[in-house]
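Notebook open, structure loaded. I want to go through the charged pairs, the sheet and the aromatic rings, in that order.

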Amino acid sequence: MDKDLLRLPVLSIRQPWAWLIVNGYKDIENRTWPTRFRGKVLIHAGKKWDEGIMPADIKSMYGVEVPRRLETGGIVGMAEITDCVNKSKSPWFFGPYGFTLTNAKPLPFYPCKGKMGFFRLLAKDLEGNGNEYKERS
């Protein structure tokens with residue numbers, strides 16, 4: 001991964017939400033806490049799937065076909081946070097806060113440890129154990 005990208009703040013998001021963001025489907029990230037941060041962030045796919053949602057649910061609710069195998073435990077892409085809102089017309093918003101996202105794109109998988117909130121990558125975070133995949137039906 002480009003060393004300049006590694007200097008960006010990172011936000012860890014569970015799959016399948018991380019995939020939906022970096023592939024341009026999900027334009028807002030829901031959080032229980034607000035942020036004043038604006039700018040580019042790396043999107044980290046957490047080690048666990050969101051247990052409350054299945055790919056079939058996303059297809060029926062949003063019409064998006066989510067792959068059954070998604071990378072977890074590393075950087076999967078980037079996006080730009082342009083605002084933090086407490087209401088939105090986005091079908092992806094359910095709050096209480098939403099970080100509005102633009103310019104999302106996938107990046108080659110880069111294994112690293114995640115953390116809560118925004119974080120920066122440190123040398124010890126870069127000790128990934130290779131590509132990891134989680135499958136959901």
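**Charged pairs**

I started with K26, which is buried at a relative accessible area of 4%; buried means under 20% relative accessible area, exposed over 50% and partly exposed in between, with a 1.4 Å probe and protein chains only. Before going on, I noted that this is a predicted model, where local features need pLDDT of at least 70 and side-chain atom pairs count only at pLDDT 80 or more, while totals for chains, interfaces and linings use all residues. I also noted that residues are numbered from 1 along each chain as its sequence is written, and that side-chain values use heavy atoms, with hydrogens and water left out.

Which residue does the side chain of K26 meet in a salt bridge? I found E29, at 2.9 Å from N to O. For a salt bridge I take a side-chain nitrogen of Lys or Arg within 4 Å of a carboxyl oxygen of Asp or Glu. E29 is buried too, at 6% relative accessibility. R31 also forms a salt bridge with E29, and their closest N and O atoms are 3.1 Å apart. R31 is buried, like E29. I wrote the three down as a network of salt bridges: K26, E29 and R31.

Elsewhere I looked up E65 and K59, whose side chains meet in a salt bridge at 2.9 Å, N to O. Here E65 is exposed at 53% relative accessibility, and K59 is partly exposed at 45%. My count for the whole search is four salt bridges.

**Sheet**

Next I listed the elements: two helices and eight strands. These are DSSP runs numbered from the N terminus, with helices being H or I of at least four residues and strands being E of at least two. From the N terminus on, I read β-α-β-β-α-β-β-β-β-β.

What is the strand order in the open sheet of six strands? I get β2-β6-β5-β3-β1-β7, with mixed pairing; two strands pair if DSSP finds at least two bridges between them. β2 and β7 (118–119) are at the edges with a single partner strand each, so one side of each has no neighbour in the sheet. β2 and β6 pair in the antiparallel sense over four bridges. E29 turned up again here, with F99 in β6 as its bridge partner.

**Aromatic rings**

I searched the whole structure and got seven aromatic pairs. The rule covers rings of Phe, Tyr and Trp (its six-membered ring) with centres within 6.5 Å; planes under 30 degrees apart are stacked, over 60 edge-to-face and the rest tilted.

I checked W17 and W92: the ring centres are 6.4 Å apart and the planes are at 85°, so the pair is edge-to-face. This pair links distant parts of the chain, with W17 in helix α1 (residues 17–22) and W92 in the loop between β5 (74–85) and β6 (97–111), 75 residues apart. Both W17 and W92 are buried, W92 at 6% relative accessibility.

Is the pair of Y62 and W92 stacked or edge-to-face? It is stacked, with 3.7 Å centre to centre and 15° between the planes. Y62 lies in helix α2 (residues 55–62) and W92 in the loop between β5 and β6, so the pair ties together parts 30 residues apart in sequence. Y62 is partly exposed, with a relative accessible area of 26%.

I also found a cluster, in which ring pairs link W33, F37, F99 and F118.

**T35 and the cysteines**

T35 is in the loop between β2 (28–31) and β3 (39–49) and is buried at 13% relative accessible area. I traced its side chain to the backbone nitrogen of F37, which it reaches at 3.0 Å. Leaving out residues up to four places away in sequence, T35 touches C84, F99 and F118; contact means heavy atoms within 4.5 Å.

C84 is itself buried at 17% relative accessibility, and C112 is buried as well, at a relative accessible area of 5%. How many disulfides does a search of the whole structure find? I got zero disulfides, a disulfide being a pair of cysteine sulfur atoms within 2.5 Å.

**Totals**

Of the contacts with a separation of 6 or more, 78% are between residues 24 or more positions apart.

Key: Polar contact = N/O pair within 3.5 Å; in protein donor to acceptor, adjacent residues only side chain to side chain.
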